[in-house]
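Subject: Structure handover

Hello,

Please find the structure below, with its sequence. My notes come after it.

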Amino acid sequence: MKNTNWKYGYLPVAAILVAIAIGKPRYASASCSVDTLPRNPFPKIERAAVFALGKEAWKKFLVANVNGDVPVKKGAPAGEYEAYVRFVIDTAGHIDTVMVMKDPGYGMAEELKRVVLLSSGRWMPAILEGGKKSRSMQAQPFTFQVSQK
């Protein structure tokens with residue numbers, strides 16, 4: 001005898017509630033077909049986003065463009081300070097968003113953010129398997145050294 005309360009592989013909620021109230025337990029189950037799931041929801045990254053001229057050129061770009069006098073002008077005491085930002089590189093190689101993750105103060109994180117935004121358009125975007133360009137996130141720490149005069 002076929003149970004007519006079953007539809008689409010599960011019991012309706014009302015039937016379950018009635019069964020509990022009457023004291024006749026019924027069991028419901030649900031299933032998912034493997035065919036409905038995407039084959040690979042997270043494709044592999046063939047190449048991460050990179051500064052177009054290479055890693056060494058990126059370091060030189062940072063050193064050349066970060067104004068080290070900013071913390072001095074804002075009254076930072078002597079010492080080493082690390083600022084840390086994360087930024088999103090879009091599929092055209094432009095900087096989309098810059099987020100300050102660690103700000104030691106004295107304008108250092110804002111200065112690093114300004115320089116990262118200067119590099120917009122000079123990046124090669126990440127490439128996924130199959131050759132598709134993708135947005136990606138990069139992280140950049142920068143150490144400011146303030147010395148006494």
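Predicted model: local features only at pLDDT ≥ 70, side-chain atom pairs only at ≥ 80, totals over all residues.

Residues are numbered from 1 along each chain as its sequence is written, and side-chain values use heavy atoms, with hydrogens and water left out.

Core

The largest nonpolar core has 22 residues. Such a core is a set of buried Ala, Val, Leu, Ile, Met, Phe, Trp, Tyr and Cys residues joined through side-chain atoms within 4.5 Å. Buried is under 20% relative accessible area, exposed is over 50%, and partly exposed is in between (1.4 Å probe, protein chains only). The members that touch the most other members are Trp58, Phe87, Ile95, Leu112, Val116, Trp123 and Phe144. Two or more residues come from each of helix H2 (55–65), strand E3 (79–89), strand E4 (95–102), helix H4 (108–118) and strand E8 (136–146). The largest contribution is that of E3, with five residues. Helices (H or I, at least four residues) and strands (E, at least two) are DSSP runs, numbered from the N terminus.

For Phe144, contacts (heavy atoms within 4.5 Å) beyond the neighbours within four places in sequence are Val66, Asn67, Pro71, Gly79, Glu80, Tyr81, Ala83 and Met108.

Met137

Met137 is in strand E8. Its relative accessibility is 48%, so Met137 counts as partly exposed. With neighbours within four places in sequence set aside, Met137 contacts Arg86, Phe87, Val88 and Met99.

Salt bridges

The whole structure has four salt bridges, each being a side-chain nitrogen of Lys or Arg within 4 Å of a carboxyl oxygen of Asp or Glu.

- Lys102 and Glu82: the closest N and O atoms are 3.7 Å apart. Lys102 is in strand E4 and Glu82 in strand E3, so the bridge ties together parts 20 residues apart in sequence. Lys102 is partly exposed at 42% relative accessibility, and Glu82 is partly exposed at 34%.
- Arg135 and Asp96: the N to O distance is 2.5 Å. Arg135 is in the loop between strand E7 (133–134) and E8, and Asp96 is in strand E4, so that distant parts of the chain, 39 residues apart, are linked. Arg135 is partly exposed at 47% relative accessibility, as is Asp96 at 41%.
- Glu111 and Arg114: the closest N and O atoms are 2.6 Å apart. Both residues are in helix H4, three residues apart, so about one helical turn separates them. Glu111 is buried at 8% relative accessibility, whereas Arg114 is partly exposed at 39%.

Sheet

Three strands make an open sheet in the order E1-E6-E7, with antiparallel pairing. Strand E1 (45–47) and E7 each have a single partner strand and stand at the edges, so one side of each has no neighbour in the sheet. Two strands count as paired if DSSP finds at least two bridges between them. Strand E6 (residues 126–128) and E7 are joined by two bridges and run antiparallel. In that pair, Ala126 is opposite Ser134 in E7.

Regards
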